[in-house]
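This briefing concerns a pocket and the packing of helices in one protein model. The structure is shown below, followed by the main points.

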Amino acid sequence: MAKFINPFTDVGFKKIFGQEVSKDLLIDFLNDLLVDEKSITDITFLDKEILPEYMGDRGVIYDIYCTTENGEQFIVEMQNRQQVNFRERALYYLSHAVSRQGEKGADWRFNLKAVYGVFFMNFRLEDMPHKLRTDIVLSDRDTHEQFSDKLRFIFIELPSFRKEEEECVTDFERWIYVLKNMETLNRMPFKARKSVFEKLEKIVDIASLSKEERMKYDESIKVYRDSLVTMEFAEQKGRAEGLAEGMAKGKAEERRIIAGQLKRMGMSFDAIREVTGLSDSEIDKL
């Protein structure tokens, strides 16, 4: 049984970064994310549900939405699976936060505060280089000079992080290591180096959850695991359908090769038989 909560669940992620009682964890993470750029000392959580200004318009619901002591805004999201128009969704979220800064009256002079979007992705972002961190800013196409610092996207592609505990050099990498491996850890690493991880250990210990919190977490983990199973099934079905199309033109030897591959992938005999047309005894011999 896991000792610590799964941060990829809705309840787990918000317990770590979305509570007033543990907001120093979010502050620490953001400072490590933007090391040598900013030093945030306090944040205020804002209403995560932004209702539309006019009837019929679309509202927005953020995972975590907060503002710093100088008025800059941070939207922090955990996304477990690829969505259609994911990048456009991120753009919409940040643009919405920018446009809401407009004040009614003749004296307002577009003195905008910066809006940051931090998107944890438990998947690989398509059509982009696969790396842990991708920073998107507004800049000149030719000179690459920054045009404005009021809009910034930071995509954190968790599958691209493969470092072990002893290989983590920066505090940002230590944060990513802990988040990515939390559910399988038996102890919280890096506590001796940074006290924030000692507090994190207390926050995420499943044994410390109240009865109500445990019920909510159990339901959240069920939704998370159901989502993973659904995605895996869709991927396997897509592969199987692609193979089935090729089977119509294939020969017996090709069918056996593909059946062997599917068998090693752990697919059931029923599924392999449906794709290849081989009998159970033929599959069993592979």
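In this predicted model, the crossing of helices α4 and α5 is right-handed. The helix α4 also packs with α2, and that crossing is left-handed.

**Helix packing**

- Helix α4 spans residues 171-181 and helix α5 spans residues 196-204; their axes come within 12 Å and cross at roughly 15°.
- Because angles under 35 degrees count as roughly parallel, α4 and α5 are roughly parallel to each other.
- Helix α2, residues 23-33, packs against α4 at an angle of about 125°, and the two axes lie 8 Å apart.
- The angle therefore makes α2 oblique to α4.

**The largest pocket: volume and centre**

- The largest pocket holds about 360 Å³ of space.
- Its lining comprises 16 residues, and those nearest the centre of the pocket are F8, D10, M78, Q79 and N80.

- Three elements each supply at least two lining residues: α1 (10-17), β5 (73-79) and α6 (211-247).
- Helix α6 gives the largest share of the lining, with four residues.
- Both domain 1 (10-208) and domain 2 (209-285) contribute to the lining of this pocket, with at least three residues from each.
- Sorted by class, the lining has five nonpolar, six polar and five charged residues.

How values were computed:
Residues numbered from 1 in each chain as written. Predicted model: local features only at pLDDT ≥ 70, side-chain atom pairs only at ≥ 80, totals over all residues. Heavy atoms only, no water. 1 Å grid on protein atoms, 1.4 Å probe; cavity = no way out; pocket = protein on both sides within 12 Å on 5 of 7 lines; lining within 4 Å. Points joined across faces, edges and corners; volume = space filled by probe spheres on them. Nonpolar A, V, L, I, M, F, W, Y, C, P; charged D, E, K, R; others polar. Domains from an automatic or database assignment. Axes fitted to C-alpha atoms, helices over the stretch in contact; angles between N-to-C directions. Parallel < 35°, antiparallel > 145°, perpendicular 65-115°, else oblique. Left-handed = near helix turned anticlockwise from the far one by under 90°.
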